[in-house]
Amino acid sequence: DHHLKKKLESLTSFSSILNSQIVKIQMGKHFQTLSLLLFTVCVCVALIIPRLNLKEAILSVYSGSEFPIDIHGVKILRQASDAKLAQLGVSSWPKWEGAPSKFPWEFKKTETMFFVEGKVKVNVDGYDKKDETFEIGKGDVVVFPKDMKVVWEITEAVKKRYSLEE
């Protein structure tokens, strides 16, 4: 009886070890499956992101606390990170500079801009109350949609880079 009990304990112990090894093997298979899935997602993102237009790129992958806000149809990403600027290709965009002034403007194409320096008060057509004016400036990435009419008041000399959607 004692000998049978010892064999049963040994068999139970062996069964426990075998079960833990089976679980490790199954987890290893799941790890491989998850790794393959993650790799596939990364490849898809790498293929899709470059094909997005700039507005979609800004609204896509956010790092940290980078979330655009929408004010009267204008998308604003405050203090964009270097990674976001690189993703958008900002360094290759044309430059524009403006001295303090106030003027009306209509965007003939969707325009994405990055403010290198300066500040602008923006009043979007149809939002004429003083408290509906908003400010954009240094470090901001801003998207103005096609056909939008605004009044720009440059309060600090502006240096910006911009891209027009075709």
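Here's a quick briefing on the fold, the cores, the aromatic cluster and a few residues of this protein. The model is a predicted one, and its secondary structure comes to three helices and eight strands. Reading from the N terminus, the elements go α-α-β-β-α-β-β-β-β-β-β. Out of 166 residues, 28% count as buried. If you take contacts between residues at least 6 apart in sequence, 76% of them join residues at least 24 apart.

**The nonpolar cores**

- The largest nonpolar core has 17 residues, and Val122, Ile136, Phe144 and Trp152 have the most contacts inside it.
- Five strands each put at least two residues into this core: E2 (74–77), E5 (111–124), E6 (134–137), E7 (141–144) and E8 (149–164).
- E5 is the top contributor to this core, with five residues.
- Apart from this core lies another one, made of eight residues, including Ala80, Leu88, Trp93 and Phe114.

- What does tryptophan 152 touch, leaving aside its neighbours within four places in sequence? Its contacts are Trp96, Ser101, Lys102, Phe103, Phe107, Met113, Phe115, Val120, Lys121, Val122, Phe144 and Lys160.
- The count of aromatic pairs comes to six.
- One of them is the edge-to-face pair of phenylalanine 103 and tryptophan 105, at 6.5 Å centre to centre with 85° between the planes.
- Phenylalanine 103 has a relative accessible area of 22%, so it counts as partly exposed; tryptophan 105, at 45% relative accessibility, is also partly exposed.
- Phenylalanine 144 and tryptophan 152 make a tilted pair, with centres 6.2 Å apart and 50° between the planes. Both of these residues are buried.
- Ring pairs tie Trp96, Phe103, Trp105, Phe107, Phe115, Phe144 and Trp152 together into a cluster.
- There's a charge to keep in view here too: the charged end of lysine 160 sits over the ring of tryptophan 96, 5.2 Å from the ring centre.

**Strand E2 and its partners**

- E2 is covered on both faces, with Val74 and Ile76 buried on one side and Lys75 and Leu77 buried on the other. In general, side chains in a regular strand alternate between the two faces of the sheet.
- E2 pairs with strand E1 (residues 69–71) in the antiparallel sense, over three bridges. Within this pairing, isoleucine 69 has isoleucine 76 of E2 as its bridge partner.
- E2 also pairs with E7, again antiparallel and over three bridges. Here lysine 75 has valine 143 of E7 as its bridge partner.

- Although histidine 72 is not a glycine, its phi is positive, at about 55°. With a relative accessible area of 22%, histidine 72 is partly exposed.
- Aspartate 147 is found in the loop between E7 and E8. Its phi is positive as well, at about 75°, although aspartate 147 is not a glycine.
- Aspartate 147 has a relative accessible area of 46%, which makes it partly exposed.

- Lysine 84 is found in helix H3 (residues 82–88). Is lysine 84 buried or exposed? With a relative accessible area of 2%, lysine 84 is buried, because buried means under 20%.
- The side chain of lysine 84 makes a polar contact of 3.0 Å with the side chain of glutamine 87.
- Lysine 146 lies in the loop between E7 and E8. Is lysine 146 buried or exposed? At 53% relative accessibility, lysine 146 is exposed, because the cut-off for exposed is over 50%.
- Which residues does lysine 146 contact, leaving aside its neighbours within four places in sequence? They are Phe107, Lys108, Lys109 and Thr110.
- Lysine 146 and threonine 110 are 36 residues apart in sequence, yet their C-alpha atoms are 4.2 Å apart in space.

Notes: Residues are numbered from 1 along each chain as its sequence is written. This is a predicted model: local features need pLDDT of at least 70, side-chain atom pairs count only at pLDDT 80 or more; totals for chains, interfaces and linings use all residues. Side-chain values use heavy atoms; hydrogens and water are left out. A nonpolar core is a set of buried Ala, Val, Leu, Ile, Met, Phe, Trp, Tyr and Cys residues joined through side-chain atoms within 4.5 Å. Buried means under 20% relative accessible area, exposed over 50%, partly exposed in between (1.4 Å probe, protein chains only). Helices (H or I, at least four residues) and strands (E, at least two) are DSSP runs, numbered from the N terminus. Contact means heavy atoms within 4.5 Å. A polar contact is a pair of N or O atoms within 3.5 Å; within protein, one must be able to donate a hydrogen and the other to accept it, and residues adjacent in sequence count only if both atoms are side-chain atoms. Two strands pair if DSSP finds at least two bridges between them. Rings of Phe, Tyr and Trp (its six-membered ring) pair if their centres lie within 6.5 Å; planes under 30 degrees apart count as stacked, over 60 as edge-to-face and the rest as tilted. A charge sits over a ring if NZ of Lys or CZ of Arg is within 6 Å of the ring centre and within 35 degrees of the ring normal.
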